[in-house]
Each structure stands twice: as C-alpha cells, then as structure tokens.
Amino acid sequence: MSDANSATGAASAAPVCASGSDEFAIEIDRFLDQVWAERGLSPATMVAYRQDLLSFAQWLERPASSATRSDVLRWLGERLRSGCEVASITRALSCLRQFYGWQSRSDVHSQNP
C-alpha cells in the first residue's frame, strides 16, 4: 500500500474544502485506499481523483454528503464552460460516481446524487 499512500500523500497539502472539514479529507483517503486496493489506479489518477473531490467540495460550500444530482450537473457544467477538457470532466464524473457509490455501499451516507 505504500504506492497508494505516496499517491494520496502527493496532494495532501491541498486545501480540504471551504468549511475546513478534515472529515471529508479522511473520507477521500479511505476511498482512494479502497479504489487503489481494488483497481490499482496509477498515482496520477489518484491525485486527479483527490483534486476532483476537493474541487467539488470547495465549489459546493457545504458538506459533500448533502450534494444532489443537480449540484453535480451544475458543477460539471461550470467546469465545461470554464474551458476544462472533456476528458477531465468525464474523469471527474467517474470519480464522483465511484466515490458516492462507495459511500453508499459503506453506509457512510445513504444519498447518492
């Protein structure tokens, strides 16, 4: 697991979210560890997933557990309008789907936007 820790640690200096909650950062670490163990994602993908989740949480300005489908679609739309590459937006959507699916399966939170 040292590869996962080095990959997740590479972006750990990034701000957690607008509310300053360390709980979300811990959830991200747990999610990334699980994804790495199950699928063996590359360190670059893990860093990108971390940034996608942190970016969404910062944009949301409230707990990520309260996100709705509409929130996700608005965030993705804003990214598209701001000039993000379609591949990056697709990756971010995949990341959010995996993260919220993992949370639902783990009973961390029951709403899956």
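What share of the 113 residues of the protein chain counts as buried, and which rings link into a cluster?

A: The model is predicted, so local features are taken only at pLDDT of at least 70 and side-chain atom pairs only at pLDDT 80 or more, while totals for chains, interfaces and linings use all residues. Residues are numbered from 1 along each chain as its sequence is written, and side-chain values use heavy atoms, with hydrogens and water left out.

Of the 113 residues in the protein chain, 39% count as buried (under 20% relative accessible area; exposed is over 50%, partly exposed lies in between, with a 1.4 Å probe and protein chains only). The protein chain has five helices and zero strands (DSSP runs numbered from the N terminus: H or I of at least four residues for helices, E of at least two for strands). Among contacts in the protein chain with a separation of 6 or more, 59% join residues 24 or more positions apart (contact means heavy atoms within 4.5 Å).

Now the rings. The whole structure holds seven aromatic pairs (rings of Phe, Tyr and Trp, the last by its six-membered ring, with centres within 6.5 Å; planes under 30 degrees apart are stacked, over 60 edge-to-face, the rest tilted). One of them joins F24 and F99: the ring centres are 5.6 Å apart and the planes stand at 80°, so this pair is edge-to-face. Because F24 belongs to helix α2 (residues 22–39) and F99 to helix α5 (residues 86–105), the pair ties together parts 75 residues apart in sequence. F24 is buried at 10% relative accessible area, and F99 is buried at 0%.

F99 also pairs with Y100, again edge-to-face, at 5.4 Å centre to centre and 75° between the planes. Y100 counts as buried, with 2% relative accessibility. Through ring pairs, F24, F31, F99, Y100 and W102 are linked into a cluster.

What about the cysteines? Zero disulfides turn up in the whole structure (a disulfide is a pair of cysteine sulfur atoms within 2.5 Å). C95 is buried at 0% relative accessible area, whereas C84 is partly exposed at 27%.
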